[in-house]
Amino acid sequence: MKRRIVIKIGSNVLTRKDGKLDVTRVSAIVDQVAWLRRHDIEVILVSSGAVACGRRELTVDHSLDSVEQRQLFSAVGQVKLVGLYYDLFREFGIHIGQVLTMKENFQPGEQYRNQQACMTVMLENDVLPIVNENDTVSVTELMFTDNDELSGLIAQMMQAETLILLSNIDGIYDGHPDNLTSKIIPRVEPNTDLSQYIKEEKSAFGRGGMHSKYTTAQKVQKTGIRVIIANGERENILVDLIENKQNVPHTEFIPYGID
């Protein structure tokens with residue numbers, strides 16, 4: 001039976017410092033996902049980056065409020081982002097499918113079952129689901145906190161073995177990441193409180209930050225799913241987490257029920 005993992009890629013991993021899409025980084029991640037699939041690992045990709053793509057694609061000569069900006073840039077950027085994924089995965093003969101979702105779809109009921117069935121049939125037919133929030137309509141208090149939360153819900157819905165949250169730092173530290181005396185926390189057992197090490201800071205181009213990753217990891221850990229926070233800017237990070245995990249900086253949340 002194939003292993004199933006959910007990989008969440010944050011905006012800060014996919015964009016350069018100027019906010020433009022980092023095509024080289026996206027290509028490297030696609031290469032690694034292709035490697036995972038060749039090694040009998042099913043992958044569901046939760047990808048940020050649509051708003052950042054759209055913001056750099058359009059020049060708007062009049063003011064837009066925050067809702068209008070999000071709707072406009074995500075609508076334009078999602079096309080560009082998925083188009084890039086399509087071209088890159090096609091080089092490996094991998095078919096992709098887009099899944100745009102909203103928080104209300106995760107309430108028990110028909111929409112939940114339909115969404116679950118959609119991704120199940122995609123995986124059964126060797127199609128790689130690429131998931132993002134539908135930002136064109138999710139503009140109220142019903143939005144996900146960020147794609148960390150979304151990826152956690154997807155991992156639970158699809159009964160994944162592991163959730164990998166790719167950020168632009170190596171994991172959770174016991175101090176400020178820029179402090180040379182700070183050390184990464186490699187293993188987090190169930191019921192471990194790390195809140196003293198977490199600051200509620202948002203990332204430069206996304207809605208999340210380490211606080212949201214920690215919150216998501218705690219929730220998902222309790223459902224029996226392993227969670228790994230790692231640096232998506234590190235070369236070959238996904239392959240190394242599978243083949244050489246002990247030598248790669250990361251923070252791993254051990255699921256309940258696992259010794």
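Okay, let's start in the middle: the largest nonpolar core has 36 residues, and Ile7, Ile9, Val33, Tyr85, Phe89, Leu166 and Leu238 touch the most other members. By nonpolar core I mean buried Ala, Val, Leu, Ile, Met, Phe, Trp, Tyr and Cys residues joined through side-chain atoms within 4.5 Å; buried is under 20% relative accessible area, with a 1.4 Å probe and protein chains only. Helix α2 (residues 23-38) gives this core its largest share, 7 residues. Apart from it there's another core, of 31 residues, including Met122 and Phe253.

Quick caveat: this is a predicted model, where local features need pLDDT of at least 70 and side-chain atom pairs count only at pLDDT 80 or more, while totals for chains, interfaces and linings use all residues. Residues are numbered from 1 along each chain as its sequence is written, and side-chain values use heavy atoms, leaving out hydrogens and water.

Now, helix α4, residues 66-90. Helices here are DSSP runs of H or I, at least four residues, numbered from the N terminus. α4 bends by about 25° at Gly77, that being the angle between axes fitted to the seven residues ending there and the seven starting there. Gly77 is buried, and so are Tyr85 and Phe89, among others in α4. Which residues does Tyr85 touch, beyond those up to four places away in sequence? They are Ile9, Leu14, Val26, Val30, Leu45, Ser47, Ile96 and Ile130, with contact meaning heavy atoms within 4.5 Å.

Last, confidence: pLDDT, the predictor's score for each residue from 0 to 100, averages 88, but stays under 50 over residues 202-208.

Technical notes. Buried means under 20% relative accessible area, exposed over 50%, partly exposed in between (1.4 Å probe, protein chains only). Helices (H or I, at least four residues) and strands (E, at least two) are DSSP runs, numbered from the N terminus. The expected span of a helix is 1.5 Å times one less than its number of residues.
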